[in-house]
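Please look through the sequence and the structure shown here before reading the report that follows.

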Amino acid sequence: MLFFVIGEFVWPEDIPSEQGACSVMVADWKRVYSDGSRESVKLPGFWEEKRDVTVRVETQLPDGQEETWGCIRSSQQDIRVFVDGNLRASYSTKDTRLFGKNSASAYVFFKIYKEDAGKVLAIETISDSSYSGRVNQVFVGEKQDIVNRFLKENGAVLIVAFVTAIISMITVVASLILAFLHKKEIDMVYLGLGTLLTSIIIITESMIRQFFLPSITVATNVGFFATMLAPYPFLVYANLIQGKRYQKVYIPVFFCIIANFVLSTVLHISGLVDFMDTMMLDYILIIVSLVVGGATILWDLKNHRAKEYREVAIGLIGIVLAGFFEVYYVYAPGVAGGFVFCTALCFLLLMASLKTGRNMQAIEKEKQRAIVTGEAKVQFLAHMSHEIRTPINAVLGMDTMILRESKEMHIKEYALDIQNAGQTLLAIINEILDFSKIESGKL
């Protein structure tokens, strides 16, 4: 793994391509309105526009145009690319998606030929979302070079997310095995699930997902599902390691997360409200979860109770800070979204593993102590039952002699009572001895 990570980021590139052939398209773009009027614009551009309104931008390809490829990213939009009025490329998932109002974001490639020199290149976007009125940057170059650029810009975060996903799955499986072996709930299961959901979010929302996932529509929906549910296992984990001291604070947040998931999913599948339109509520719940979790940790620190989970407390604080950073990233494109949070998650898993290891060690010590105590008890019972039975047999033997030799009836009655009571006591002692042999495996 170390060789793979270092090699991919340090080793010289050896992918076949024309280096430097990918660049941002420099052109005089015009926004074309429905009434035919034009306005000079720059890409990327965003204009306040009603939903389901087509936004069209145009430019004239330069004389001496060489054969190349163009590429533009859709943002929850349908896209059509025209050259000289002829449709050159289009993208829409209207006929393939099961539910939802908009196409998943994707890179759309289109071919530009030599004979296109001097012709008009037009791009149209349409969306029933907050991305209506947005047109992204256009890249030109060899197709492989364009892909390589996107992979280079986003590959590091994706690799970290995959590694985090693998670690989280190992954590979940190992925790379930420990829970089965020790017959005890292991809180690391919830941390592993939360980490796995976060990794899924980063993988399914990656800008290069179309290069390794067959259905980006499914990936988009899975990303939304994971985003809505991700805070839940983290809060459950925090609640458990804090001894459920703040459960009354966590329960309303649990309820809101589940309610938001169910309601948003129903509205999205029914076609009434798209996931994009409920995303703000998702981020609000994430922020609330971060604030509640962070506040309880700080309160424990103040009251010197965080020492119960000191390793995890450090990791959780890191997660809270990284979470706020990721929420900020949504409104600050250009930051390496996901990388910081994945790093914080791996750090938290490490800290939680140390805590779990410490707990398992304590459980094992307690188990050994219980075994030693049990063995001592068994030995004590066996020894005492043997020591007590010897004098009882002597008493019963002397009583038998009294019954044989005494002629007085009231003496015989007393001796008979002694015999009955002695036999009962001897039977009890024998049962105790048998029980001690069963426990020691010697019966």
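## Terms and basis of the model

Helices (H or I, at least four residues) and strands (E, at least two) are DSSP runs, numbered from the N terminus, and two strands pair if DSSP finds at least two bridges between them. This is a predicted model, in which local features need pLDDT of at least 70 and side-chain atom pairs count only at pLDDT 80 or more, while totals for chains, interfaces and linings use all residues. Residues are numbered from 1 along each chain as its sequence is written, and side-chain values use heavy atoms, with hydrogens and water left out.

## Overall picture and confidence

The protein has 10 helices and 12 strands. Of its 443 residues, 41% count as buried, where buried means under 20% relative accessible area, exposed means over 50%, and partly exposed lies in between (1.4 Å probe, protein chains only). Among the contacts in the protein with a separation of 6 or more, 76% are between residues 24 or more positions apart; a contact here means heavy atoms within 4.5 Å.

The predictor's confidence in each residue is given as pLDDT, from 0 to 100. The mean pLDDT of the protein is 82, and 88% of the residues reach 70 or more. Among the elements, helix H1 (residues 2–10) has the lowest mean, at 53, whereas strand S7 (residues 78–83) has the highest, at 94. Over residues 331–336 the pLDDT is below 50, and this stretch has five contacts in the model beyond near neighbours in sequence.

## How the strands pair

Strands of a sheet pair through backbone hydrogen bonds, either parallel or antiparallel. Strand S2 (residues 29–32) and S5 run antiparallel and are joined by three bridges, and Arg31 has Val57 in S5 as its bridge partner. S5 also pairs with S10 in the antiparallel sense, over six bridges, and Gln60 stands opposite Val120 in S10.

Four strands form an open sheet with antiparallel pairing, in the order S1-S12-S6-S9. Strand S1 (23–24) and S9 stand at the edges with a single partner strand each, so one side of each is left without a neighbour in the sheet. Within this order, strand S6 (residues 68–73) is joined to S12 by four antiparallel bridges, and Ile72 has Val138 in S12 as its bridge partner.

## Two nonpolar cores

A nonpolar core is a set of buried Ala, Val, Leu, Ile, Met, Phe, Trp, Tyr and Cys residues joined through side-chain atoms within 4.5 Å. The largest one has 25 residues, of which Trp29, Ile72, Phe110, Leu121, Ile123 and Val138 touch the most other members. At least two residues of this core come from each of strand S5 (55–60), S7, strand S8 (86–91), strand S9 (107–112), strand S10 (120–126) and strand S12 (138–141).

Leaving out residues up to four places away in sequence, the residues that Leu121 touches include Met25, Trp29, Val57, Val81 and Phe110. There is also a second, separate core of 21 residues, which includes Ile186, Met188, Ala306 and Ala313.

How far apart should the ends of helix H4 (residues 216–229) be, at 1.5 Å a residue? The 14 residues should span 20 Å, and the end C-alpha atoms are 20 Å apart, which agrees; the expected span is 1.5 Å times one less than the number of residues. Because 10 of the 14 residues of H4 are buried, the helix is largely enclosed by the rest of the structure. Phe224 and Met228 are among the buried residues, and the elements covering them include S8, helix H3 (188–204), helix H5 (231–241), H6 and helix H7 (275–302).

Leu229, also in helix H4, is partly exposed, with a relative accessible area of 24%. Beyond neighbours within four places in sequence, Leu229 is in contact with Leu197, Ile258 and Phe261. Thr265 lies in helix H6 (residues 247–270) and is buried, with a relative accessible area of 13%; setting aside residues up to four places away in sequence, Thr265 touches Phe225, Met228 and Phe275.

## Cysteines

A disulfide is a covalent bond between the sulfur atoms of two cysteines. With a disulfide counted as a pair of cysteine sulfur atoms within 2.5 Å, the structure holds zero disulfides. The sulfur of Cys22 is 8.1 Å from the closest cysteine sulfur, in Cys71, which is too far for a bond. Cys22 counts as buried at 14% relative accessibility, whereas Cys256 is partly exposed, with a relative accessible area of 36%.
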